[in-house]
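Subject: Structure for you to look at

Hello,

Here is the structure I said I would pass on. My notes on its aromatic contacts and its sheet follow below.

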Amino acid sequence: MLKREIPDDFLRKYHLSSKGIGDDLYFLTESYFRQKGLFKGKHSMSDYITPNAMKAIESGIVSKNLIYEHMVPKNLYIKQISEITLAGQLTEEFIYDLLIKYYFVCSVTKEEDEKLPSIKMADDWDGINPFYRYEKAGIEFLPNRKEVTSE
């Protein structure tokens, strides 16, 4: 909500863009994982992982072969946050409902990533199933379970 008040037009547009808000979400997620002692690189933060990506991690070939991929392209839902913010109607409930519905990340190989449309969902997507793009491309994925430490 404070981003709406940034006086410089260029900076405000950046901070309310899919890139700016997406970067904020990434760094908040990384901060959470670091505080919980769970951070072991960005792929340790993904909600899901493909069997091929898991093999790449086990073999140590991570940075060259893996992609941290949003299951629903973030531009599709983060744009809504920006629009609602500019309209002065942003609420915590709106953000929560949107992120719990669409903010899922999967670690995939570069080859698997190439099978996915990069910035859109298929025209026949129902707007509900966040895994549709992966299912349509035939990409198998598994939960990337994390141990939560108690404090």
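To start with a charge and a ring: the charged end of arginine 34 sits over the ring of phenylalanine 39, at 4.0 Å from the ring centre. Please keep in mind throughout that this is a predicted model.

Aromatic pairs

Counting rings whose centres lie within 6.5 Å of each other, I get 11 aromatic pairs. One of them joins tyrosine 26 and tyrosine 68, edge-to-face, with 5.6 Å from centre to centre and 90 degrees between the planes. Tyrosine 26 belongs to helix α2 (residues 18–35) and tyrosine 68 to strand β2 (residues 66–70), so this contact ties together parts that are 42 residues apart in sequence. Tyrosine 26 and tyrosine 68 are both buried.

Another pair is phenylalanine 104 with phenylalanine 131. The ring centres are 5.6 Å apart and the planes of phenylalanine 104 and phenylalanine 131 stand at 50 degrees, so the pair counts as tilted. This pair also links distant parts of the chain, 27 residues apart: phenylalanine 104 is in the loop between α5 (92–102) and β3 (105–109), while phenylalanine 131 is in the loop between α6 (110–113) and α7 (132–137). Again, both phenylalanine 104 and phenylalanine 131 are buried.

Phenylalanine 104 and phenylalanine 131 are also members of a cluster linked by ring pairs, together with Tyr48, Tyr134 and Phe141.

The sheet

The sheet is open and is formed by 4 strands in the order β2-β3-β1-β4, with mixed pairing. The edges are taken by β2 and β4 (142–143); each has a single partner strand, so one side of each is left without a neighbour in the sheet.

The pairing of β2 with β3 is antiparallel and runs over 5 bridges. Within it, histidine 70 has valine 105 of β3 as its bridge partner. Tyrosine 68 stands opposite serine 107 in β3; tyrosine 68 is also the residue whose ring pairs with that of tyrosine 26.

Regards

Terms used:
Residues numbered from 1 in each chain as written. Predicted model: local features only at pLDDT ≥ 70, side-chain atom pairs only at ≥ 80, totals over all residues. Heavy atoms only, no water. Phe/Tyr/Trp six-rings, centres within 6.5 Å; stacked < 30°, edge-to-face > 60°. Helix = DSSP H or I, 4+ residues; strand = E, 2+ residues; numbered from the N terminus. Buried < 20%, exposed > 50% of the residue type's maximum accessible area, 1.4 Å probe, protein only. Lys NZ or Arg CZ within 6 Å of the ring centre and 35° of its normal. Pairing = 2+ DSSP bridges.
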